[in-house]
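Please open the model in a viewer and display it as a cartoon.

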Amino acid sequence: GCEHLDALDETAFLSTTAANLSEIEALRGDRPSAERWLEVAARTASEGDRASQTSIEVCRGLLAGDDIDAAERHFRRALELVDESDAPFWRSDVRLTAAEAIRAERPDLARRLVDEVLTMSEAKGLRVLAERARELGSELGSRA
């Protein structure tokens, strides 16, 4: 789909779709594909496109590798962007992705993020995210 949108020079849907795809590819471990679609997303996303910008920052955090300071910086920016929304599922998902990515190097921050997810997801009845938070929290020793 992204290749088709790119070939059509369509940018409104491409930016968000490419940003989401880059994040998925990063989580799958396909760095070249993640970097390819991250570049497309960054090129086509407008400054005010919160969905694309959030996924771009999450992907940059995932691709930061051993540079934990850069990863944390990108995840914090993603959280700033997503917290401007009123979407608890999205806010929780970004937190879980960040917590999973930084848990070894920043366990205190990961625990805090997991606790925030648990609070949000339980308040909104997001059972799947609450369960993911509990599982990660048990690994981290959080209240989850």
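At what angle do the axes of helix H6 (residues 88-102) and helix H7 (residues 107-124) cross, and within what distance do they come? This is a predicted model, in which local features need pLDDT of at least 70 and side-chain atom pairs count only at pLDDT 80 or more, while totals for chains, interfaces and linings use all residues. Residues are numbered from 1 along each chain as its sequence is written, and side-chain values use heavy atoms, with hydrogens and water left out.

**Select 88-102 and 107-124.** The axes of H6 and H7 cross at roughly 155° and come within 9 Å. Axes are lines fitted to C-alpha atoms, for helices over the stretch in contact, and angles run from 0 to 180 degrees between N-to-C directions. Helices are DSSP runs (H or I, at least four residues) numbered from the N terminus. H6 and H7 are therefore roughly antiparallel to each other, the term for angles over 145 degrees.

**Show the side chains between the two helices.** On the H6 side, the contact (heavy atoms within 4.5 Å) includes Arg91, Leu96, Ala99 and Ile102; on the H7 side, the residues include Ala110, Leu113, Val117 and Lys124. By class, the contact of H6 with H7 has twelve nonpolar, two polar and four charged residues. Here Ala, Val, Leu, Ile, Met, Phe, Trp, Tyr, Cys and Pro count as nonpolar, Asp, Glu, Lys and Arg as charged, and the others, Gly among them, as polar.

**Centre on alanine 99.** Alanine 99 lies in helix H6 and is buried, with a relative accessible area of 0%. Buried means under 20% relative accessible area, exposed over 50%, and partly exposed in between (1.4 Å probe, protein chains only). Not counting residues up to four places away in sequence, alanine 99 touches Ala110, Leu113, Val114 and Leu136.

**Move along H7.** The buried residues of H7 include Leu109, Leu118 and Met120. The buried residues of this helix pack against helix H5 (68-82), H6 and helix H8 (127-140). H7 is followed by glycine 125, whose phi is positive, near 75°.

**Finish at glycine 48.** Is glycine 48 buried or exposed? At 57% relative accessibility, glycine 48 counts as exposed. Glycine 48 lies in the loop between helix H3 (31-44) and helix H4 (50-63). A distance label drawn from the C-alpha atom of glycine 48 to that of leucine 126, 78 residues apart along the chain, gives 28 Å.

Conventions
Parallel < 35°, antiparallel > 145°, perpendicular 65-115°, else oblique.
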